Amino acid sequence: MIATRAKRIAVTFALSAATLLPFHASPLLAQDAAPTASTVQKQTPPPGSAPKAFTVPAHETYSLPNGMKVTLVPYGNIPKVTVSLALRSGNIDESADKLGLADITGELLKEGTKTMSSEQVAQAAAQMGSSLGVGVGVDQSTVAMDVLSESGPASVKLIADVVQNPLLPESELARLKTNMLRQIAVSKTQPAQIALARFRKLMYGDHPYGDVLPTEASVTGLTIDDARKFYAANFGAERAHLYVAGKFDSAGMKKAIAASFGSWAKGTPPVNRPATPKTQRLLDVTDRPGAPQSTIYAGLPVAGPTNPDYITLGVANTLLGGSFASRITTNIREQKGYTYSPRSAVSSRYHDAYWAEVADVTTKDTGASLKEIFGEITRLQQQAPPDEELKGIQSYISGIFVIQNSSRQALISQLSYVDLQGLSDDYLKTYVQKVNAVTPAQIQAMTTKYIKPESMTIVVVGDKSKITDQLKDYEAK
């Protein structure tokens, strides 16, 4: 549950293909027959094909009389179906003195209903070849199952029972709180978690986005009444959107949805709590005496998902630091050897985003790493990338986007993201097209407009005695 709450910056790794011998050739014969270096002639690989557009499967969206939305996506030939209920409720709805309450409430949902024990809920899911998954996020939570097609209607009924009639038993609260406290303690020993928590707190302050980890005092003080009040205030049909993707009988599914969710009370509408992240030049150092590495977070607020610049900014990020072949990665990993897996990302929440570069670097190279990171940003601000470099990045993004969205769960995730952010219906349909329409000049312009080293919050977790002097040039002027 803590891993869910602590939204780490995603890392996308490029895949490398191994060279394989033909199945009928013995390695020894292949070695004997291998041409010598003097006879080998380098060949230019054939050009790649044009990027394939991402085609969103035909789907139907409608609303029940109580306001709950439903999206049905017939997809694939495998006799399985994913049923996922997205709820506009999460850590964003916690008060400052009740951090962790959304996570605890989510865990309690799995502990039985008014007519089924937790064991019976688990057994019912297992009989459908699945398990009941509950995920609590910052802005949205999900209750989902992936089942055989014949069990689709039954899974709808089970999910409906869990979210409408939860037992929320006090008997399980102490165990869940103990588990959460243990996970918090572990997270506080991990430099990546420490750095992320500091970065988000400095950027978002008292807004809920600024709290990556609950406090021990908050979790210890949570009561079963708190969980029940949180459920009553934040669960209801008006906040819910049910997604069904896979192979299923549409008429049967619609009947099951109406029967299972039609009487759910509307509840209260979601409350939007817009964030105002700080753009500031700030150096924050957390001491870890004897640490062989320094963990760096350097970033600032940027255009959010609804901004017209967002997709272009994403392409700029992938070229700069968001892919294995990116400039920052090539520089501080391949050329300098300062780090193993640096990465940058545009991290988004509801109508909000920030750009950040993250790297675990050797202690002695902490300052040098920041110098190279900022140097690559400045270089891209001063000169547009070559066409060939940009085309390679665009092909990578296009291919990854299509591949990553070729499953039932991924389709639901994308549709849910579009609905949460209030994006247009053609966002997914035109995404690949827009990525490949980005020009080198636009990459330079986006970097200049948004990714400004002089305005970045810099968080470093490492051995102060060895890195303080290295970081003097990055203190606020």
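Student: Is Glu 334 buried, partly exposed or exposed?

Tutor: This is a predicted model, so the answer is a value computed from its atoms. To read such a value, you look at the relative accessible area: under 20% is buried, over 50% is exposed, and anything in between is partly exposed. Glu 334 has 45%, so it counts as partly exposed.

Student: Which residue does Glu 334 form a salt bridge with?

Tutor: Look for a side-chain nitrogen of Lys or Arg within 4 Å of a carboxyl oxygen of Asp or Glu. Here the partner of Glu 334 is Arg 333, with the closest N and O atoms 2.3 Å apart. Arg 333 has a relative accessible area of 18%, so it is buried.

Student: How many salt bridges are there by this rule?

Tutor: The count comes to 20 salt bridges. One of them joins the side chains of Lys 98 and Asp 226, at 3.1 Å from N to O. Lys 98 sits in the loop between β3 (80–87) and α3, while Asp 226 belongs to helix α9 (residues 224–234), so this pair ties together parts that are 128 residues apart in sequence.

Student: Is Asp 226 buried or exposed?

Tutor: Asp 226 counts as buried, because its relative accessibility is 13%.

Student: Where do Arg 379 and Glu 376 lie?

Tutor: Both are in helix α13 (residues 366–382). They are three residues apart, which is about one turn of the helix. Arg 379 and Glu 376 form a salt bridge too, with 2.9 Å between the closest N and O atoms.

Student: Which residues are linked in a network of salt bridges?

Tutor: That would be Lys 80, Asp 146 and Arg 408.

Student: On to strands. How many of the residues of β8 are buried?

Tutor: Eight of the nine residues of strand β8 (residues 293–301) are buried, which leaves the strand mostly covered. A handy general idea: in a regular strand the side chains alternate between the two faces of the sheet.

Student: In what sense do β8 and β10 pair, and over how many bridges?

Tutor: β8 pairs with strand β10 (residues 352–362) in the antiparallel sense, over nine bridges. To find one of these on screen, go to Gln 293, whose bridge partner in β10 is Thr 362. β8 also pairs with strand β11 (residues 457–462), again antiparallel, and here there are five bridges. For β11, find Tyr 297, which stands opposite Val 459.

Student: What is the phi of Leu 168?

Tutor: Leu 168 has a positive phi of about 50°, although it is not a glycine. You'll find Leu 168 in the loop between α5 (152–164) and α6 (173–187). Leu 168 is buried, with a relative accessible area of 4%. His 351 is another non-glycine residue with a positive phi, of about 55°. His 351 is in the loop between β9 (343–349) and β10, and at 40% relative accessibility His 351 is partly exposed.

Student: Last topic, holes! How many cavities of 30 Å³ or more does the rule count?

Tutor: Think of a cavity as a space where a 1.4 Å probe fits but cannot get out. The count is two cavities of 30 Å³ or more. The largest has a volume of about 70 Å³, and its lining includes Arg 88, Asp 139, Tyr 209 and Arg 239. By class, the lining of the largest cavity has five nonpolar, one polar and five charged residues.

Student: And how much space lies in the second largest cavity?

Tutor: About 60 Å³. It is lined by 13 residues, and those closest to its centre are Ala 102, Gly 106, Val 136, Ser 141 and Phe 235. The elements giving two or more residues to this lining are α3 (101–109), β4 (133–136) and β5 (141–148).

Student: Which element gives the most to that lining?

Tutor: α3 does, with four residues. As for classes, the lining of the second largest cavity has seven nonpolar, six polar and no charged residues.

Key: Residues are numbered from 1 along each chain as its sequence is written. This is a predicted model: local features need pLDDT of at least 70, side-chain atom pairs count only at pLDDT 80 or more; totals for chains, interfaces and linings use all residues. Side-chain values use heavy atoms; hydrogens and water are left out. On a 1 Å grid over the protein atoms alone, a cavity is a set of points where a 1.4 Å probe fits but cannot get out, and a pocket is an open set with protein on both sides within 12 Å along at least five of seven lines; lining residues have an atom within 4 Å of a point. Grid points are joined across faces, edges and corners, and a volume is the space filled by probe spheres set on the points. Ala, Val, Leu, Ile, Met, Phe, Trp, Tyr, Cys and Pro count as nonpolar, Asp, Glu, Lys and Arg as charged, and the others, Gly among them, as polar. Buried means under 20% relative accessible area, exposed over 50%, partly exposed in between (1.4 Å probe, protein chains only). Two strands pair if DSSP finds at least two bridges between them.
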